[in-house]
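Visitor: Could you take me through the helix packing here, and then some individual residues? Please start as soon as the model is on screen.

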Amino acid sequence: MAYPESRPRRLRQSEALRSMVRETWLRPSDFMWPLFVVPGKGVRQPIASMPGQARLSPDLVVEEVRKAWALGVRSVILFGLPEAKDPVGSHAYKKDGPVPLAVRALRDALPELLVATDVCLCEYTDHGHCGVVEKGIVRNDETLELLAKEALTHARAGAQMVAPSDMMDGRVGFIRETLDEEGFEDVVIMAYSAKYASVFYGPFRDAADSAPAFGDRRSYQMDPANHLEAIREVTLDEEEGADIVMVKPAGPYLDIVRAVREHTDLPLAAYQVSGEYAMIHAAAERGWLDLERAMMESLLGIKRAGADIILTYFAPEAAKVLAR
Ligand code: PBG
């Protein structure tokens, strides 16, 4: 039937009707909140390009996450800023580094919280690349061992989930094997499977002080032009034992989120990255967008595209809106 019998506006007349036929709902438990952990006590360093976000020492991480927990946020993912950097990212696998300390403190303070850690070397290497560099080339196989050591350090501290974001080939399988050998067969692997070489990571690299000292990440992160390759990456990570796969960034890659959703029966995460967050804030600061509505609509779009889990810096704020 067509107009005038069919009138889609009939179902849009009131909020009661609209909510009755609404297809997508956000819940606070959809969100995973990324946090930047620094060494020390009582340290809070606001991140200029990410309003409302700060680098925090483990004690303040606990304080902030407690508040987020009260709003309904149920999971966090931790990024570390070490005391020192070197060519092989030695501090990535120090057991008293900021990430293991924060993991322990969070597990003690909030036993029901899901604590995930990002596994990558770029925050820990002096050259800022995600792996070991030899003659200007990021070496794949030599990096796997170090990533597995980092994942193991996080698991030993009590992380229930590790999320490799380095984009080295074979790292999911290698990390799975290492964790299993050490008795951590229950630690979940969330693979950054389709991670693109994106300009939208800009503010994060400020926050994590992880911009590459030379070159860029295009020899390991994916070409933004590619779609089939994302499916190939997801398939490989599934075969290597990933429990959850991820597409990153989210907003500019919603077609990929949808395609991966249709391809895999694993849970799917999407990462609304620092640049997406910064853009919304910047526009809102100028009065060009309504912050709250832009935040909620951007998150809804990611969920509607097919993501089960959304990594977002908006997690506590969005949970607060949903709690009203
Ligand atoms: C580490 C990593 C990055 C992000 C998550 N993990 C930066 C990068 O790859 O350069 C980006 C997150 C964000 O922009 O919010 N490899």
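Guide: Helices H4 and H5 pack with their axes 9 Å apart and at an angle of about 45 degrees. Axes are lines fitted to C-alpha atoms, for helices over the stretch in contact, and angles run from 0 to 180 degrees between N-to-C directions. Helices (H or I, at least four residues) and strands (E, at least two) are DSSP runs, numbered from the N terminus. This is a predicted model, in which local features need pLDDT of at least 70 and side-chain atom pairs count only at pLDDT 80 or more, while totals for chains, interfaces and linings use all residues. Residues are numbered from 1 along each chain as its sequence is written, and side-chain values use heavy atoms, with hydrogens and water left out.

Visitor: How are H4 and H5 oriented to each other?

Guide: H4 and H5 are oblique to each other. Angles under 35 degrees count as roughly parallel, over 145 as roughly antiparallel, 65 to 115 as roughly perpendicular and the rest as oblique. H4 passes H5 in a right-handed crossing; a crossing is right-handed if the near helix is turned clockwise from the far one by less than a right angle, and left-handed if anticlockwise.

Visitor: Which residues make the contact?

Guide: H4 contributes Leu144, Glu145, Leu147, Ala148, Ala151, Leu152 and Ala155, and H5 contributes Arg171, Phe174, Ile175, Thr178 and Leu179. Contact means heavy atoms within 4.5 Å. By class, the contact of H4 with H5 holds nine nonpolar residues, one polar and two charged. Ala, Val, Leu, Ile, Met, Phe, Trp, Tyr, Cys and Pro count as nonpolar, Asp, Glu, Lys and Arg as charged, and the others, Gly among them, as polar.

Visitor: What else covers the buried residues of H4?

Guide: The cover includes helix H3 (98-109), strands S5 (114-119), S6 (132-134), S7 (137-139) and S8 (161-164), and helix H5 (171-181). Among the buried residues of H4 are Thr143, Glu150 and His154. Buried means under 20% relative accessible area, exposed over 50% and partly exposed in between (1.4 Å probe, protein chains only).

Visitor: Which residues other than glycine have a positive phi?

Guide: Lysine 135, with phi near 50 degrees, and methionine 167, at about 70 degrees, are among them. Lysine 135 sits in the loop between S6 and S7 and is exposed, with a relative accessible area of 87%. Methionine 167 belongs to the loop between S8 and H5 and is buried, at 3%.

Visitor: What does serine 193 touch?

Guide: Leaving aside residues up to four places away in sequence, serine 193 touches Met167, Glu233, Val234, Asp237, Val245 and Met246. Serine 193 is part of strand S9 (residues 188-195) and counts as buried, at 0% relative accessibility.

Visitor: Turning to H9 and H10, at what angle do they cross?

Guide: The axes of H9 (residues 274-285) and H10 (residues 291-305) cross at roughly 155 degrees and come within 9 Å. That makes H9 roughly antiparallel to H10.

Visitor: Lastly, where are cis peptide bonds found?

Guide: One joins tyrosine 3 and proline 4, with omega about 10 degrees; proline 4 is in the segment before helix H1 (15-20). Another runs from lysine 248 to proline 249, with omega near -10 degrees, and proline 249 is in the loop between strand S10 (244-248) and helix H8 (254-263).
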